[in-house]
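Please look at the sequence and the structure below, and then read on for a report on some of the side chains, their surroundings and their partners.

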Amino acid sequence: MPESWAFTSIDYIGLVCNGSTPSRKVPSYWNGDIPWISSGEVRNSIIKESREQITQEGYKNSSVRLLPKGTVLLAMIGEGKTRGQTAILDITDKSKYGGYCS
């Protein structure tokens with residue numbers, strides 16, 4: 001390890017959080033205008049758009065979190081290659097935030 005690096009807890013250098021998936025059993029939570037990023041979209045890349053969107057109702061009825069553009073995402077849940085992948089959130093919308101994450 002380079003001498004200029006240091007061991008530290010990740011929460012020392014940034015906010016660590018997780019979210020959830022709005023219930024897929026409630027159709028009114030989906031197909032809105034709020035970007036929603038699944039862990040499957042986190043693939044060592046820059047995310048400029050989301051595959052899915054949720055509604056305000058879906059946001060209010062889940063523990064989804066609003067994350068700013070430039071956020072480093074880490075997939076913590078998933079099968080196979082998904083877990084441990086990273087991405088940078090690069091979605092801009094009218095709220096000046098990037099998107100919501102599960």
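A residue is called buried when its relative accessible area is under 20%, exposed when that area is over 50%, and partly exposed in between, using a 1.4 Å probe and protein chains only. This is a predicted model, in which local features need pLDDT of at least 70 and side-chain atom pairs count only at pLDDT 80 or more, while totals for chains, interfaces and linings use all residues. Residues are numbered from 1 along each chain as its sequence is written, and side-chain values use heavy atoms, with hydrogens and water left out.

**Salt bridges**

A salt bridge is a side-chain nitrogen of Lys or Arg within 4 Å of a carboxyl oxygen of Asp or Glu. The structure holds 4 of them, including these:

| Pair | N to O distance |
|---|---|
| Lys48 and Asp90 | 2.6 Å |
| Lys69 and Asp90 | 3.4 Å |
| Glu41 and Arg51 | 3.9 Å |

Strands (E, at least two residues) and helices (H or I, at least four) are DSSP runs, numbered from the N terminus. Lys48 and Asp90 meet in a salt bridge, and this pair links distant parts of the chain, 42 residues apart, with Lys48 in the loop between E2 and E3 and Asp90 in the loop between E6 (86–89) and E7 (99–101). Lys48 is exposed, at 57% relative accessible area, whereas Lys69 is partly exposed, at 46%. Together, Lys48, Lys69 and Asp90 are linked in a network of salt bridges.

Glu41 counts as buried at 10% relative accessibility, while its salt-bridge partner Arg51 is exposed at 55%.

Ser50 is found in the loop between E2 and E3 (52–54), and it is buried, with a relative accessible area of 14%. A polar contact (a pair of N or O atoms within 3.5 Å; within protein, one must be able to donate a hydrogen and the other to accept it, and residues adjacent in sequence count only if both atoms are side-chain atoms) of 3.1 Å joins the side chains of Ser50 and Gln53. A polar atom of the Ser50 side chain also lies 2.8 Å from the backbone oxygen of Glu52. Leaving aside residues up to four places away in sequence, Ser50 touches Pro35, Trp36, Ile37, Glu41 and Ile91, where contact means heavy atoms within 4.5 Å.

**Backbone angles**

Asn31, in strand E1 (residues 30–37), has a positive phi of about 70° although it is not a glycine, and Asn31 is exposed, with a relative accessible area of 73%.
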